[in-house]
Amino acid sequence: MKKQILVSCLCLAMTASLMGGMSVCAEETGLNTEGKLVVGFDAEYPPYGYMDDNGDYTGFDLELAEALCEIEGWELVKQPIDWDSKDAELNSGSIDCIWNGFTMDGREDAYTFSVPYVNNSEVVITAENSGISSLADLEGKIVGVQADSAALTLLEEGGDQADLGATFGTLQQFADNNTAFAELMAGSLDAVALDIGVALYQINRREGYVILDEYLNAEKYAIGFKKGNDTLAEIVNKDLGILYENGTFMELAEKYEIADMVCLAETLGLGEAATEAETEAE
Amino acid sequence: MRFSVMLQQLGQGMLKSMSIFALTLLFSLPLGLFVSFGRMSRNKFLRGAMKVYISIMRGTPLMLQLLAVYFGPYYLFGANIGGGYRFTAIIIAFSINYAAYFAEIYRSGIESMSPGQYEAARLLGYSRSSTFLKIIFPQVIKRILPSVTNEVITLIKDTSLAFSLAYAEMFTIAKQIAAKETNFMPFLVAAVFYYVFNALVAFLMERLEKSMSYYT
């Protein structure tokens, strides 16, 4: 909020001609530009959205979006965003949705969401030899967290784990998880709180780090649309169903090693197709 | 990711950084001159307005100005800014910011000219505009070049601030590769890229300075 007010004030002071490249919302699909789905994502968020070996943006969510665009005949525009500015990006119409391991819990009032498709948990990583083995051990410690992330909301005042958060020595915010992890390695942080999928990606690539057995919560990922954009949300929900039925969804989940976390089948009430797809994938 | 791919990606980012750099100079250098005229104008309102403009541009962080220019149309007017505005916003924000600094540099140069030169030009029958263009301005450029070089070099490094609008310039790319690779190697490579670019610009500016060192 503070940032928004500052930004607004500054704007008032600057009377430069700011109007350029405006577009009008399309009615039938809820897209900002007809035939073009602009997906906003944090390009530093593997395995959901990141840069691959060839320098292209990829990840579970982006490939899923690609498949969805194929169904609709839309062009997919992968727009990396600064995670801090995601609300402004979405509300100002520069992106159509936030599709990037986006936690819906606690944000229901701020966005229109698709059906949830991944069971996520917020977890804590520490160094193996840190002597921290439970959440209670974090008392007085310095814990890192990504700015504007679900983990932060959880641990801040008003969050479900606010009492735990209050026991920390410091809750230090970072723009991206990679920097937080670098600080953990350098020893200036005792622990990092983040999404389990990203945590797994980080610790699988490094020696000597563990995820605490106690999770901070259980929550769900969904695709976030601008509040009130039900048209687009409905189209995406319908297509997620199609992608599940034709096996694409589970294929991608296997590819990105999050198959045991997905929950699209339960949310869509498609229990049986799930087992079929799993056997196929095996 | 192979090292060659990383270099190629960062190279592409570098091109984008360079385009921010080049376009910013292209717009801010002339704009700065006009702002400095306004700042030295005999018209009280124009002079005041330019003072306020320079004060705001120099008194607030460039990163905040980037956010303001990009998201301003939405927050102020509720406008839908669409997808194509990102780069334009970056160029506008950088140009109006650097114009303020350049304006003060021009002013320092112009005000350092002795009144005797204006008087002599008048006696020789030069009009006001040709006095400025043919006599004053060439000397001003020569005199302010070291200060301009300072700003130009700062600008190269400041292009990295475009990461706050997630524009894929070199620093943004370096951050993304670092996240994928889970190490800091890309930052080291980016630092080398920035340094080489800066060294090149510094070298060229020095050559330019030398070529202008007539009468000394």
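# Notebook: chains A and B, predicted model

I started just after α5(B), where B:G125 takes a positive phi of about 90 degrees. The model I am reading is a predicted one. Next I looked at helix α5 (residues 115–123) of chain B for burial: the number buried among its nine residues is zero, so the helix lies largely in the open.

Most residues other than glycine have a negative phi, and most peptide bonds are trans.

B:A166 is not a glycine, yet has a positive phi of about 55 degrees. I placed B:A166 in the loop between α6 (128–158) and α7 of chain B. Is B:A166 buried or exposed? I found 25 other C-beta atoms within 10 Å, and B:A166 is therefore buried, the cut-off being 20 or more.

A:D148 is also not a glycine, and I noted a positive phi of about 65 degrees for it. The loop that holds A:D148 runs between β10 (142–146) and α4 (150–155) of chain A. A:D148 has 16 C-beta neighbours inside 10 Å and counts as partly exposed.

For peptide bonds, I noted that the one from A:P46 to A:P47 is cis, with omega near 5 degrees. A:P47 sits in the loop between β2 and β3 of chain A.

**The sheet around that loop**

I followed β2 and β3 into their sheet. It is an open sheet of three strands, ordered β2-β3-β4 (chain A), and the pairing is antiparallel. Its edge strands are β2 (44–45) and β4 (57–58) of chain A, each pairing on one side only. Between strand β3 (residues 49–51) of chain A and β4(A) I recorded two bridges, with the strands running antiparallel. A:Y50 has A:T58 in β4(A) opposite it.

I also checked what crosses this sheet from the other chain. Helix α7(B) lies across β2 and β3 of chain A, at about 105 degrees to β3(A).

**Helix α7(B) and its partner in chain B**

I turned to how α7(B) packs in its own chain. Helix α1 (residues 3–39) of chain B and helix α7 (residues 170–181) of chain B have axes 7 Å apart and pack at an angle of about 155 degrees. The angle is over 145, and α1(B) and α7(B) are therefore roughly antiparallel to each other.

Which residues of α1(B) and α7(B) meet? From α1(B) I listed B:M6, B:Q9, B:L10, B:G13, B:M14 and B:S17; from α7(B), B:M170, B:T172, B:I173, B:A174 and B:I177. By class, the residues of this contact divide into seven nonpolar, four polar and no charged.

As a reminder to myself on helix geometry: an α-helix has 3.6 residues a turn, so residues three or four places apart point the same way.

**Chain A as a whole**

Of its 282 residues, 45% count as buried. Among the contacts in chain A with a separation of 6 or more, 75% are between residues 24 or more positions apart.

The domain assignment of chain A gives domain 1 (34–119 + 220–281) and domain 2 (122–217). I read 25 Å between the centres of the two domains of chain A, taken over C-alpha atoms. Twelve residues from domain 1 of chain A and 13 residues from domain 2 of chain A take part in the contact. On the side of domain 1 of chain A that touches domain 2 of chain A, the residues divide into seven nonpolar, three polar and two charged.

**Two mostly buried strands of chain A**

I looked up strand β1 (residues 36–41) of chain A and found five of its six residues buried. β1(A) runs parallel to strand β5 (residues 75–80) of chain A, and six bridges join them. β1(A) also pairs with strand β6 (residues 97–98) of chain A, in the parallel sense over two bridges. A:G40 takes part in both pairings: it stands opposite A:Q79 in β5(A), and its bridge partner in β6(A) is A:I98.

Last, I looked at strand β9 (residues 122–127) of chain A. Five of its six residues are buried, so the strand is largely enclosed by the rest of the structure. Five bridges join β9(A) to strand β12 (residues 191–195) of chain A, antiparallel, and there A:I125 has A:V192 as bridge partner. Three bridges join β9(A) to strand β13 (residues 209–211) of chain A, also antiparallel; in β13(A) the partner of A:T126 is A:V210.

Methods. Residues numbered from 1 in each chain as written. Chains lettered and ligands numbered in written order. Predicted model: local features only at pLDDT ≥ 70, side-chain atom pairs only at ≥ 80, totals over all residues. Buried ≥ 20, exposed ≤ 12 C-beta atoms within 10 Å, placed from the backbone. Helix = DSSP H or I, 4+ residues; strand = E, 2+ residues; numbered from the N terminus. Pairing = 2+ DSSP bridges. Domains from an automatic or database assignment. Contact = placed C-beta atoms within 7 Å. Nonpolar A, V, L, I, M, F, W, Y, C, P; charged D, E, K, R; others polar. Axes fitted to C-alpha atoms, helices over the stretch in contact; angles between N-to-C directions. Parallel < 35°, antiparallel > 145°, perpendicular 65-115°, else oblique.
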